[in-house]
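Here is a short briefing on one protein chain. Look at the sequence and the 3D structure first, then read the points below by topic.

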Amino acid sequence: QWDLTSVYFSVPEVYFTKYGNLQRVKAEWWEYKTQPIVVVNNSVVKDNLNNHLGEVIGQGYNSSFPYSICTLEKHGSITSIYGHYVFNYKVQSANRNLDSINYAFYNNNLSDKTLVSKELLEAYVNAYTSSYVKGKLDIKNGQISADLFQDTVDDGRTRGYNCQEIDANDKVNLLSWDTAGMNAWEKWTWGGANTSTEYYDISPINADIKDSEIALSDNNLADILLIDSKDASKLRTFYHNAKDNGERTVIFHFAKTDYFAWSEKVYNSNNEDYICDCQLSTETVFLDFKIIQLTFKDANNKYKVIPVVSDPVDIYKDVTPALTPKIELPNWLDGLKNLGNKTAAWVILIVSIVVGVLLLWLLFVILRAINNIGNIIIKLLLMLAALSVFVVIGYFGGTWVYGIINGLGGLI
């Protein structure tokens, strides 16, 4: 998923009157990508993980660690391993191993919209003292463990200290489907039907928030201004207070980063018994963010630079669950799929009728054989048993066939 990270602040209206539009914002911050944040739906597992936070097990298997995290599928004597990352399992692939767990949270419902709040995540990072294998970050007086963060950030971004000046014309795109990396076949079959322009060509600086927008519901306000709906109420209050003080509220979208979330399972590391489900995710955090300069541009293309002093803020996002993707087929391919489903439904119906006729013939043969028995009581009991067996077969078989045909969309 995409994270569009934003801050809002107010500027005296007199600056806009005197110097024109807000054209550039210069800011500085420290940027880091979290290690996988683990959320389990079993409180005992969470407590046990807390007892082993930061323990490095290496790239192999450590039987003393209480759990394995991955997804297993067993087919007879063969066990297949799935999952984006594998932690503490006997057979691993070296390109997707975790060698330690540094975050452990509990949430009984892993489909909650918010698995871990941004406030709780920030408090966790600030209070973490379990390990310092990679040392400490050069920020916050060296109190934050570097073990909580990866050695890299997203492609094209800078880990650690950043100082950037972002122009209002530096547009941002948030596409759910992008044809840029597709080959000709992919563009023909998928691209035209799935390219989203809902969040296309976004200006990073919004200094034109309207009263009509502020009056909307939290969710609608969040959709229009591209902010978290949980912040909508605070923004609305901030906006009104700023306006009363002769100030204009500005929203600054300064970073587009990846938010990655996936589901795995927790197993007993000794016998591979399934224990509970878990959710893992990674996000980018921004520490000591502050705005240091504003640049205005008037109608005559004259620029005015205003130095700014602002209090630094730390920016975390809520931990949210993995999404279940819904893929929509192009019309022609969707029609071909429907035709295939209808054909399969008719084939199943015809085969089931043939099987039904064969079963009736077999029942007739069995009843004729039973009729040759001399003992009338045994004959009746056997006939009743045979009829009962075939009625049961017919009922469950017919229900099963009906379910399959109905699942394929029916015959018409």
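A salt bridge is a side-chain nitrogen of Lys or Arg within 4 Å of a carboxyl oxygen of Asp or Glu. Lys234 and Asp231 meet this rule, because their closest N and O atoms are 3.4 Å apart. The model discussed here is predicted.

**The chain as a whole**

- The chain is built with nine helices and 17 strands.
- Of its 412 residues, 38% count as buried.
- The accessible surface of the chain is about 23000 Å², and 56% of this surface belongs to carbon and sulfur atoms.

**Salt bridges**

- Side chains of opposite charge can pair when their charged atoms come close.
- How many salt bridges does the count come to? The count comes to 15 salt bridges.
- One of them joins Lys33 and Asp154, with the closest N and O atoms 2.9 Å apart. This pair links distant parts of the chain, since Lys33 is in strand β2 and Asp154 is in the loop between α3 (118-127) and β8 (160-167), 121 residues apart.
- Are Lys33 and Asp154 buried or exposed? Both Lys33 and Asp154 are buried.
- Another salt bridge is formed by the side chains of Lys118 and Asp231, at 3.0 Å from N to O. Here too distant parts of the chain are linked: Lys118 belongs to helix α3, Asp231 to the loop between α6 and α7 (232-244), and the two are 113 residues apart.
- Lys118 counts as buried because its relative accessibility is 14%, which is under the 20% cut-off.
- Asp231 has a relative accessibility of 16% and therefore also counts as buried.
- Lys234, the other partner of Asp231 described above, is partly exposed, with a relative accessible area of 46%. Salt bridges with shared partners join Lys118, Asp231 and Lys234 into one network.

**Aromatic rings**

- A pair of aromatic rings is described by the distance of the centres and the angle of the planes.
- The structure holds 20 aromatic pairs. Among them is the tilted pair of Trp29 and Phe254, with 5.0 Å from centre to centre and 50° between the planes.
- Which parts of the chain does this pair link? Trp29 is in strand β2 (residues 21-33) and Phe254 is in strand β12 (residues 247-258), 225 residues apart, so the pair links distant parts of the chain.
- Trp29 has a relative accessible area of 0% and is therefore buried. Phe254 is buried as well, with a relative accessible area of 5%.
- Trp29 and Phe254 belong to a cluster linked by ring pairs, together with Phe252, Phe286 and Phe289.

**Charges over rings**

- Arg248 lies over the face of Phe16, 3.9 Å from the ring centre.
- The charged end of Lys256 sits over the ring of Trp2, at 4.2 Å from the centre of that ring.

**A nonpolar patch on the surface**

- Which residues form a nonpolar patch on the surface? The patch is formed by Trp346, Ile350, Val354 and Leu358, with about 400 Å² of accessible area together.
- Trp346 is placed in helix α8 (residues 331-371). Its relative accessibility is 43%, so Trp346 counts as partly exposed.

- Thr295 is part of strand β15 (residues 284-297). Its relative accessible area is 2%, so Thr295 is buried.
- Not counting residues up to four places away in sequence, Thr295 touches Asn21, Leu22, Gln23, Arg24, Glu165, Tyr303, Lys304 and Val305.
- Ala222 is found in helix α6 (residues 218-225). Ala222 is buried because its relative accessible area is 6%.
- Leaving aside neighbours within four places in sequence, Ala222 is in contact with Ile227, Asp228 and Ser229.
- Ala222 and Ala232 are 10 residues apart along the chain, and their C-alpha atoms are separated by 6.2 Å.

Key
Residues are numbered from 1 along each chain as its sequence is written. This is a predicted model: local features need pLDDT of at least 70, side-chain atom pairs count only at pLDDT 80 or more; totals for chains, interfaces and linings use all residues. Side-chain values use heavy atoms; hydrogens and water are left out. Helices (H or I, at least four residues) and strands (E, at least two) are DSSP runs, numbered from the N terminus. Buried means under 20% relative accessible area, exposed over 50%, partly exposed in between (1.4 Å probe, protein chains only). Contact means heavy atoms within 4.5 Å. Rings of Phe, Tyr and Trp (its six-membered ring) pair if their centres lie within 6.5 Å; planes under 30 degrees apart count as stacked, over 60 as edge-to-face and the rest as tilted. A charge sits over a ring if NZ of Lys or CZ of Arg is within 6 Å of the ring centre and within 35 degrees of the ring normal. Patches are made of residues with over 30% relative accessible area and no salt bridge: like charges are joined within 9 Å, nonpolar side chains (Val, Leu, Ile, Met, Phe, Trp, Tyr) within 5 Å. Accessible areas come from the Shrake-Rupley method with a 1.4 Å probe; for residues, only the protein chains shown count as cover.
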